[in-house]
Amino acid sequence: MLTDTLLWACLMLILLAVGGGWLIRRLFRHVIQSISRTTQAITHGDMSRRMPVQGTDDELDEIAITINEMLDRISRLMEGVRQVSNAIAHDLRTPIARARAQLEDAALHATSEAELRAAMEQAASNLDNVTAIFEALLRIAQIESGARRSAFVQFDLVPALQDVADLYQAVAEEHGLKCVRHLPDHLPFFGDRAMFQQAVANLLDNAIKFSPPNGTVTLSAEILTTGRHSDGSSDRQLNLSVTDEGIGMNEADMARASERFFRAEQARHTPGSGLGLSLVEAIVHLHDGQLHLASNTPGLLARITVPLPDEATTSSERAGDPPHPF
Amino acid sequence: MRILLVEDDQTVRIFIAKGLSESGHLVEQAENGKDGLSLATNENFDIIILDRMLPGGVDGIHILETLRRQGNVTPVLLLSALADVDEKVAGLKAGADDYVTKPFSFSELQARLEALVRRNRNEAQPQTRLVVGDLEIDLLSRGVKRAGQKIDLQPREFRLLEFLMRHAGQVVTRTMLLEGVWDYHFDPQTNVIDVHVSRLRQKIDKPFGRPLVHTIRNAGYMLQE
């Protein structure tokens, strides 16, 4: 009797184990086949395929959702790469095409040496333009990779800003613009001096370019305390802004302004490559900061915010650092 | 001047050699690192133009480092397609006196070569006063006078004038001014330099009739009597 029962129990156990194993195997197989089908479709170029989600909220759905999120991200990155390479192809093609046309036209139609020379000089300057675009693109890529962080030093931002402002003030006055600076005496800052100057230079350059005569371009910088902790330390951030009274930008353009090669409709007839703000944003991100654009009614307000370490750590860090020469 | 040119790209080499010969220099050419190194170590040159990347295992930096180890202080200008700031720093650290990135204009290269040779000669005696024609500046008191008349300049205008006076009789490119006067190492895209030079002209040239600052087409500026 006992042996009978034991025997039956054993049999049932084996049946259940085999049956369960088979069921689980089928389940896994189903998942793997589904993953395999989706990835195969994607390998064959159909980036729109996604894993089916049952809506049962179990582990299988979790895997499917994770894979789909990954695919979404890859799609977005690919779209970005596609846009940039299209833009590169287009924006480099234009000056190259111009240079080519000038040279060919001169070769066919120039009647004097002077004409030939003029065409060649024009062509050379168009090629210089190509080089400049290349350099800006490489620079943005390099900054985005974060490699430049090794050049970070502790420095006073105010003289660095004064230098840029000095350089551009003359240009602003030439355009009949007023230049106003609101800068404190000192602004201890940790970063890449030349890069940060370039970011501010690009903002000033834009402000001057898009200002009507008699407008005012303002450069201001200050440290804001954004929050205070119970232990006495506080969150501080650098607030740097460049404002103009020019044509400004609409909301949609502002959102796209830092995309590579993006140029707003009203800006198309002004000189520029559409890389200036991309570079500014890359530099600001390198410093863990943010670039915000807003309306200045009229004009544009470009603000850079960079979180700063609280004062206690800054001064102790500074004590250990060798003085920076300038 | 006797110039050694080490460059593997034939088009670029012939372009540079032709231009330099036309302006009266003697150019010795090498198309690979090995020949370049043996020429540079065995003969005397006023200046060496060195391509950074050369075929055959001996690159520009290697030649430069070997020369400097041997105590050879001939001014070296590096030519390179590597435009990176870090690459520039590496080149200067290895002992280069200047760095020009490809593509470049001949006038930029020539202006920089002349500035290098001039600097090498001038370093011997520190100057306190610079004079070009009837224009003189005092580097200690920061005073500027033309035809005996005192001229007021902003500090930056003074530095711009000082740079031009130190390179009097030579072409100074916009890039050189940007680097030398403003310590800026990027392309500002706009004509910032032209604006500053035109303001300087208003003060030192316009009231006196005879201009000293000349615009050199497709190249830059030159201060000359």
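The legends below describe close-up views of a predicted model.

Local features are given at pLDDT of at least 70 and side-chain atom pairs at pLDDT 80 or more, while totals for chains, interfaces and linings use all residues. Residues are numbered from 1 along each chain as its sequence is written, and chains are lettered from A in the order in which they are written.

**View 1. An open sheet of three strands in chain B.** The strand order is β10-β12-β11 (chain B), with antiparallel pairing. Strands (E, at least two residues) and helices (H or I, at least four) are DSSP runs numbered from the N terminus, and two strands pair if DSSP finds at least two bridges between them. β10 (172-173) and β11 (213-216) of chain B are edge strands with a single partner strand each, so one side of each has no neighbour in the sheet.

**View 2. The pairing of β11(B) with β12(B).** β12 (residues 220-223) of chain B is joined to β11(B) by four bridges, and the two run antiparallel. T215(B) lies opposite Y221(B) of β12(B).

**View 3. The contact between chain A and chain B.** Each chain supplies 15 residues, where contact means C-beta atoms, placed from the backbone, within 7 Å. On the side of chain A that touches chain B, α3 (113-144), α4 (157-174) and α5 (193-209) of chain A each supply at least two residues. α4(A) gives the most, with seven residues.

Methods
Two residues are in contact if their C-beta atoms, placed from the backbone, lie within 7 Å.
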